[in-house]
Amino acid sequence: MTTATTADRYDWAGMVCGCGQPATHVPELLIRLATEGEASGITRDSFEGHLHIPSHTYAPAPAAISVALAALADPDTPGAARDVLVDLVFTTAFVDCIGHGVPEGVDLEEECRRAVTPGLEALYAEIASGRSAATASRAFWIAEGTDEDASRVERVRREARHLLWDACQTPWE
Ligand SMILES: [Zn+2]
């Protein structure tokens with residue numbers, strides 16, 4: 001599924017963004033980043049206050065994770081965009097505290113984890129590409145924290161050792 005069709009699956013207007021507005025500008029940012037790469041001027045900081053702040057995660061995070069991982073799975077997505085997308089998923093996937101605007105009864109932590117699962121293949125492919133050790137290491141930590149197939153995580157930890165930061169060799173508690 002392409003980035004745009006993945007984005008179309010969500011009711012962004014019905015989500016309260018971290019900035020307090022309806023979240024329709026979030027998929028616009030993600031799609032521009034995925035298509036224009038560095039030239040878009042969109043960086044990890046562009047999402048702060050919308051998807052997350054250092055201590056809180058906001059309602060559009062699970063949908064944004066799905067779109068970011070769809071963009072990562074697209075071979076046409078430029079490298080600079082891939083770095084930002086993986087960083088963004090890494091920052092939002094593990095929820096400490098839930099920010100304002102998340103409807104009662106929504107388990108944001110569980111929804112973020114569920115949003116990562118279909119993108120695990122794309123994360124492993126990003127690691128195997130050998131493109132960037134920093135991005136591969138963040139992709140590995142996302143997989144380590146969400147993949148229920150522990151033997152696959154250990155196999156990648158071993159086999160992709162030369163593509164990952166040394167810190168990835170110590171299991172993340
Ligand atoms: Zn916003």
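## Helix crossing

H2 passes H3 in a right-handed crossing, the near helix being turned clockwise from the far one by less than a right angle. This is a predicted model, in which local features need pLDDT of at least 70 and side-chain atom pairs count only at pLDDT 80 or more, while totals for chains, interfaces and linings use all residues. Residues are numbered from 1 along each chain as its sequence is written.

The axes of H2 (residues 25-36) and H3 (residues 61-73) come within 10 Å and cross at roughly 15°. The two helices are therefore roughly parallel (an angle under 35 degrees). Helices are DSSP runs (H or I, at least four residues).

## Contact residues

H2 contributes Val26, Pro27, Leu30 and Ala34 to the contact, and H3 contributes Ala64, Val67, Ala68 and Ala71; contact requires C-beta atoms, placed from the backbone, to lie within 7 Å. Eight of these residues are nonpolar, with no polar and no charged ones. The nonpolar class comprises Ala, Val, Leu, Ile, Met, Phe, Trp, Tyr, Cys and Pro.

## Burial of H3

Twelve of the 13 residues of H3 are buried, so H3 is largely enclosed by the rest of the structure. A residue is buried if 20 or more other C-beta atoms lie within 10 Å of its own, and exposed if 12 or fewer do. Among the buried residues of H3 are Ile65, Ser66 and Leu69.

## Asp8

Asp8 lies in helix H1 (residues 3-8) and is exposed, with 12 other C-beta atoms within 10 Å. Its C-alpha atom is separated by 30 Å from that of Ser132, 124 residues apart along the chain.

Terms used. Axes are lines fitted to C-alpha atoms, for helices over the stretch in contact, and angles run from 0 to 180 degrees between N-to-C directions. Angles under 35 degrees count as roughly parallel, over 145 as roughly antiparallel, 65 to 115 as roughly perpendicular and the rest as oblique. Two residues are in contact if their C-beta atoms, placed from the backbone, lie within 7 Å.
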